[in-house]
Amino acid sequence: MIKAFEQWLDDRTGYRKSVDEALFENIPGGSRWVYVTGSMLVFAFVTQAITGIFLWMFYSAGSQNAWESVYWIQNKMQGGWFLRGVHHYMAQGMVVLLPLHMVQVIFAKAYVKPREINYWLGLVLLQLTLALGLTGYLLPWDQKGYWATKVATELMSLPPGGEYIQKLVVGGGEYGHYTLTRFFAMHAGVLPILLIGVLALHVAMFRRHGITAHSSADRPDEYFWPKQVFKDAAACLVLLIAVVIIVVRNHGAELGPPAEPTEAYGAARPEWYYLFLFQLLKHSPSEFIGAIVIPGVAMGFLFLMPLIAKVQYGHIVNVVTIITLLVGAGYLTVEALSHDSYTRDGEPAAGPARILHHERANAAEDFQRAKRTADQEYVRLKELIEFRGIPRDGARAGLVYNDPEIQGPRIFTRNCASCHSYQAPPDQPDIVSIPGRRPDRDEQGNVKENEEPGGAPNLFGFGSRDWIRGLLDKEKIQHPEFFGDTVHKEGEMASFVQDSLSDLDAEQKAKLEQVIKALSAEAQLVRQADDDAADDDAGDLAAGRTAMAEEFGCFDCHKLRDEGDLGSAPDLTGYGSAEWLYQFIANAGHERFYGDNNDRMPAFAASEDPSQNLLSQREITLLVRWLRGDDKDLGATPPTTAAVAQENADTAKQSDASSDTSSETETDTGPDASSDTSSETETDTGPDADSDTNTETETDTGPDADSDTNSDAASDTETDAEDANTTAASEQDTDPTPP
Amino acid sequence: MSDHSENSAASASGPTTGSNTPRRNFVFEGATAVIGLIVGVVPFAAGLVSFLDPLFRKNKTPGKHAKAGEGGKTEMVRICSLEALTTNGPPQRFPVITDQFDAWNFTPQQPIGSVYLQRISDSEVLVFNTTCPHAGCSVSCDGQAYHCPCHNSSFELNGSKRESESGRENPSPRSLDTLEHTIESGDVLVHYQNFYPGREEKKPKA
Ligand code: HEM
Ligand code: FES
């Protein structure tokens, strides 16, 4: 029966001949393990094609969708992480196999006459595969892919006429939708088709020439089938198992936070297999030489190898060169990796080596911190997505842009970290610390003694009990963590702490503790709310305020509520609260704060005219909310039934409001909103309102916003419902009895 | 397959020194077939699992928007107030506004469909899905009857299918789809569902 069918098929297709030709090709000297690399590459490519086409079904090119769709593949789609992981790591497998395959070919002298053309086809396949890796890496549109690819395409503009090439590749002057659509078409369409075409020629030509090998007495010839096929298949299985293990261990491929064109990414590196080019660039006298000339010459040499082999010793030269190139690339890769993991341990003796050591350590530190920050941002973003979902304008505009926990550290790093640090204690290793100013070094690499103070306090936990306890500790106040690197080191506060807060008896210590609680309560920190309330009930806060007046004399300099006067020291009323902090950042030299005693703290938003200010209201608000930790907890538990009912009722009110735009849904968007300690904070705070546009947020989130009668800055739910409401309104025009 | 008088182009003559003439070597052949199957199937299966995702997907509203009864009872959506409807007035069309999922995008309070409401007494309302049960077009109402523009099916105001329209047979297999609803504190709440068109039985799409 089967025989009959085979006969029938063979009569019509002649398939037996082709199958036989393929399977019963002679291998002089018999099957060998070294011949497996070619088949493995074909297998890897087929795997890429299969997994790639499946990924294609879920992937969406476009700058508001690409990251989001990959996030969904990675986190929400059944088995998506595995699929993506296989594609990601098999791509790397291909890149590892390519040089192995090439070395095998060259060592076996299989690139010379009559196989030159096939060798060249192989080089074309190499280029196509590398291009697939490059184009694919951009597709997830995360920070690492974005910046890696961006650097690569910037370099394209170097050769003459390169600007045009770059524009064509990028789809315009800047990265955007068209970059993704183009890269995707290249990655999933043009390049694979070319690769398949060239691969077909490559294999056909291989079949024409046969394998380069020699029979010998002790190694009899064999047919391709079954032993070589077995070896090939077994090698593919090993590759597959290796990839699967890596995928499972890493739970798929890494995904970073979404691309941020305006946020320089300190850990921008190409995929590891391009690292040698990256490193080469660092060693090169110019970008043009490092990125174009040297790789171009090397590639040119590879193309010329079959011709070089014709001259005497040519083959030897080729073998030596290819080894040199590979060792060189390997060395550069290792060097790049080791630079990024450089540590400050083992400081060399003073001199140029010490300077270099610290420069390297700084660079590596920045790199590692950027990476950890990106990881932290991703984790946070995941929380945000679980809590809010991904809005239609994408994760970046809809979630990242307005999130204090993500934006706070970024704004701090840009504007504050030149003096302040944000250093979490060692028992909170998950919080990525931001170092403040690095010490100046002299020509020997030794830390310079500064005549002028150049730092500012560590702001981790500012306003919390721990922070205040530290400030009022005579051991700590003159430490750089607090006033040690500022003019206040020798100021009145420091001498007060030294003189009056040392040698306290037990009773005084208890009073000081009450002062700490009372002062910290002024900050109204969300995560301290329960403690504050309990201590208020216990009378500790009032007692603390009394002790400030009577025991310690704080109000000789400071003002707190009705006691004391402004002018000589910062106002303690609402110390550390959102409003206080906002105004302090806006203008630390204001009479309410340091006045004339202000050290180097710039006024970030002292002007009425926003265009004159260093930071916008939005930025300061984000910074303040982050420093205070207002949004750290998104409300792990879903809102209570009552809250949902309330929200629904509000929405209902809105939809019934027909064309009436001035609904009085109250929106509290000032920094004060943060003092709402309930879980509803999320619904009515400006900086988070998911779909608020930039300008809207800017106008709504000022410290004064609470007095504003802004009716249009609705909570995100309402904003989202806007078009829905318009429909509802027009549908209800005929409504005879408006509510 | 056992006769190989013909050799491949590459080898002028078959293995000559061969211990290994194309005699069947079942161990290798079997092992090769099994391995070949594995390496071929794994990538494909990896894709297939994800491809089948829609069959198993259950959307869960993100934390902030989580409904009190999520996962349990059906969700009732407020459409309008009962006041807004005149008793025995013509049917009115309303959008159904609720949370929308579109793959990775979650958008609260979006129009996801529409319904016709007609108040027939003080406390009773007729609620129809506006989707035509024939093939899924959207029906309209002229105050006398519901009509579908696509293949001319028509329905009485009470939703029942008209047998024929000017002599032609009504293509709809069933009457307009009614929707579960309640009236609570003066509001009309509807459990919005879509149904598979083209069959007599009214089967909800999950
Ligand atoms: C027909 C062939 C292929 C198709 C249809 C395809 C399709 C895709 C798609 C849709 C993505 C985006 C999904 C994602 O990033 O998770 C992607 C990513 C990628 N592709 Fe391919 N691909 C193909 C072949 C290849 C080949 C041969 C390579 C090998 C160099 C490759 C390397 C990559 C890389 C490195 C990524 C980024 C993976 C990541 O980190 O997420 N692809 N591909
Ligand atoms: S879809 Fe309505 S009649 Fe066919």
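Helices (H or I, at least four residues) and strands (E, at least two) are DSSP runs, numbered from the N terminus. The structure is a predicted model, in which local features need pLDDT of at least 70 and side-chain atom pairs count only at pLDDT 80 or more, while totals for chains, interfaces and linings use all residues. Residues are numbered from 1 along each chain as its sequence is written, chains are lettered from A and ligands numbered from 1 in the order in which they are written, and side-chain values use heavy atoms, with hydrogens and water left out.

In chain B, B:His181 belongs to strand S10 (residues 181-184). Its relative accessible area is 31%, so B:His181 is partly exposed (buried means under 20%, exposed over 50%, partly exposed in between; 1.4 Å probe, protein chains only). Leaving aside residues up to four places away in sequence, B:His181 touches B:Met76, B:Val125, B:Val127, B:Leu189 and B:Val190 (contact means heavy atoms within 4.5 Å). The side chain of B:His181 also takes part in polar contacts, defined as pairs of N or O atoms within 3.5 Å; within protein, one must be able to donate a hydrogen and the other to accept it, and residues adjacent in sequence count only if both atoms are side-chain atoms. A polar atom of this side chain lies 2.9 Å from the backbone oxygen of B:Val125, and the side chain of B:His181 reaches the backbone oxygen of B:Leu179 at 2.9 Å.

Ligand 1 has 24 residues around it, of which A:Arg84, A:His87, A:His88, A:Gly136 and A:His187 come nearest (a residue is near if one of its heavy atoms lies within 4 Å). A polar side-chain atom of A:His88 is 2.6 Å from an oxygen atom of ligand 1. Two or more residues of the shell come from each of helices H3 (36-56), H5 (80-107), H6 (116-138) and H9 (177-209) of chain A; H3(A) gives the most, with 7 residues.

The iron atom of ligand 1 is coordinated by A:His87 (NE2) and A:His187 (NE2) at 1.9 to 2.0 Å (donors are N, O and S atoms within 2.8 Å of the metal, or 3.2 Å for Na, K and Ca; water is not among the atoms, so sites may look incomplete). This pair links distant parts of the chain, with A:His87 in helix H5 and A:His187 in helix H9 of chain A, 100 residues apart. A:His87 counts as buried at 14% relative accessibility, and A:His187 is buried at 14%.
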